[in-house]
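Subject: Structure for your review

Dear colleague,

Please find below the structure that I am handing over to you, together with its sequence. My notes on it follow.

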Amino acid sequence: MPKLNENYLNLKQSYLFSEIAHRVAAYQEKNPDKPVIRLGIGDVTRPIGKKVIEKLHEGVDALGAAETFKGYGPEQGYEFLRNAVVDYYAENGVSIDAGEVFISDGAKSDTGNITDLFAQDNVILIPDPVYPVYVDTNLMNGRNITYIDANADNNFLPMPDKNVHADIIYICSPNNPTGAAYNKEQLREWVDYALANDAILLYDSAYECFITDETLPRSIYAIEGAKKCAIEFCSLSKTAGFTGTRCGYTIVPKDLKFMSSTGVEMSLNAMWNRRQTTKFNGVSYIVQKGAAEVFSKEGMAECRENIAYYQENARIIASTMEKKGVRYFGGINSPYVWFECPMGMESWEFFDYMLEKIQVVGTPGAGFGENGKYFFRLTAFGTKENTIEAMKRFESLF
Ligand SMILES: *Cc1c(COP(=O)(O)O)cnc(C)c1O
């Protein structure tokens, strides 16, 4: 009999989205004539832009002719895409080297797989509430997690405690689920803390494209010293509607070097390269052709149109919260609006209340951690018409 990885027994049943689906289905069965609006989804809905689609087609055609056929590509991604990422960073004033860019099938895989590079006995800091992948991938490996509180008192932007040592710190900014985004000074504090502790920041910037405030950094490498203490994960999922197409990129600076217990210097860039060449065979040529077009002038202009569409939805949701005097976070620099449940309700109670009274579905904050118990997430990824109608109903709710 195989002995199993019993760390899986320590995972909390991830019942969030199935429980939501179950409650909505039960309601609809009893009330078939009441149209339900879903603002709970964390997936994009706008189609991929025409230019990018053209390049995806070109990629397909290349595979059908002997002269242009592609088999296995480089595990790290094609040079043309790695260079496109380098140029994208340069436009935002950040200089990275193509050898530090690793193309992948998405930020979820990479934020999970990065655990391969670290030993068991690290002090790992993860904010609560949080994107569940960071927590579950560490639990699967049998690691202990130290949670740091994100709450209304710190605007859901927890800061380092200089009296507590950590080795690995997860940061997601702009944040899912709270929509909160760190400013430059706050990130500088985290970088300084990481440098002082010889720690590493695992920085998820999947929502950087939603940043409109020019003073907010769109990359951790906008902070001096970050290349000595941070890995950055990003993705074309939210930027370009690639949630189903699958493409992301991870930056592992060559300056990230730490001593082994035996005094050997180890490079995280070299380790990640080894990890990827051993366990990963690259993203399809077709997808990389399309992805490179995202970073072209015209391709990015198309993406910005879709992002602007979602940003308008976020603005509509946020302005409704203002009007109703509901305390909320996000909505700017983020597709998420995270608000305090009215009337002191708990998040699941408020979920049922909204479903029953106005047939609007969102995501209970409790699903993202203890500190989400009295909060609720609405997303801007619906249609504008549905967002307006949902907010009209919300205004009449209480
Ligand atoms: C959507 C999302 C991602 C992107 O994941 P992909 O695997 O690239 O689709 C990464 N991090 C967070 C926090 C997200 O919400």
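A cavity, in the sense used here, is a set of grid points where a 1.4 Å probe fits but cannot get out. Please bear in mind that the model is a predicted one.

**Cavities**

With that definition, a search of the whole structure gives three cavities of 30 Å³ or more. The volume of the largest cavity is about 80 Å³. Its lining consists of 13 residues, and P127, F156, P158, C172 and N175 are the closest to its centre. Strand 5, residues 168-172, supplies the largest share of this lining, namely three residues.

Among the residues that line the second largest cavity are Y88, Y89, R218, E232, C234 and Y249. Helix 3 (79-91) and strand 7 are the elements that give two or more residues to this lining. Here the division is five nonpolar, three polar and three charged residues.

Seven strands make up an open sheet with mixed pairing, in the order 2-8-7-6-5-3-4. Strand 2 and strand 4 (145-149) are its edge strands, and each of them pairs on one side only. On average, neighbouring strands of this sheet are turned by 25 degrees against each other, direction ignored.

What does strand 8 (residues 248-251) pair with? Strand 2 (residues 101-104) pairs with strand 8 in the antiparallel sense, over four bridges. Strand 7 (residues 230-235) also runs antiparallel to strand 8, and four bridges join the two. G248 in strand 8 is the bridge partner of S104, and G248 is the bridge partner of S235 as well. Further along strand 8, I251 stands opposite E232.

In a regular strand, side chains alternate between the two faces of the sheet. Are the two faces of strand 8 covered or uncovered? Both are covered: G248 and T250 lie on one side, Y249 and I251 lie on the other, and all four are buried. Y249 also belongs to the lining of the second largest cavity, as does E232.

Strand 12 (residues 336-340) and strand 15 (residues 375-379) are paired in the antiparallel sense over five bridges. Within this pair, T379 in strand 15 is the bridge partner of Y336.

**Residue N197**

Lastly, N197 is found in helix 6 (residues 184-197). Is N197 buried or exposed? N197 has a relative accessible area of 15%, and a residue counts as buried under 20%, so N197 is buried. Leaving aside neighbours within four places in sequence, N197 is in contact with V164, H165 and A166.

With kind regards

Notes
Residues are numbered from 1 along each chain as its sequence is written. This is a predicted model: local features need pLDDT of at least 70, side-chain atom pairs count only at pLDDT 80 or more; totals for chains, interfaces and linings use all residues. Side-chain values use heavy atoms; hydrogens and water are left out. Two strands pair if DSSP finds at least two bridges between them. Buried means under 20% relative accessible area, exposed over 50%, partly exposed in between (1.4 Å probe, protein chains only). On a 1 Å grid over the protein atoms alone, a cavity is a set of points where a 1.4 Å probe fits but cannot get out, and a pocket is an open set with protein on both sides within 12 Å along at least five of seven lines; lining residues have an atom within 4 Å of a point. Grid points are joined across faces, edges and corners, and a volume is the space filled by probe spheres set on the points. Ala, Val, Leu, Ile, Met, Phe, Trp, Tyr, Cys and Pro count as nonpolar, Asp, Glu, Lys and Arg as charged, and the others, Gly among them, as polar. Contact means heavy atoms within 4.5 Å. Axes are lines fitted to C-alpha atoms, for helices over the stretch in contact, and angles run from 0 to 180 degrees between N-to-C directions.
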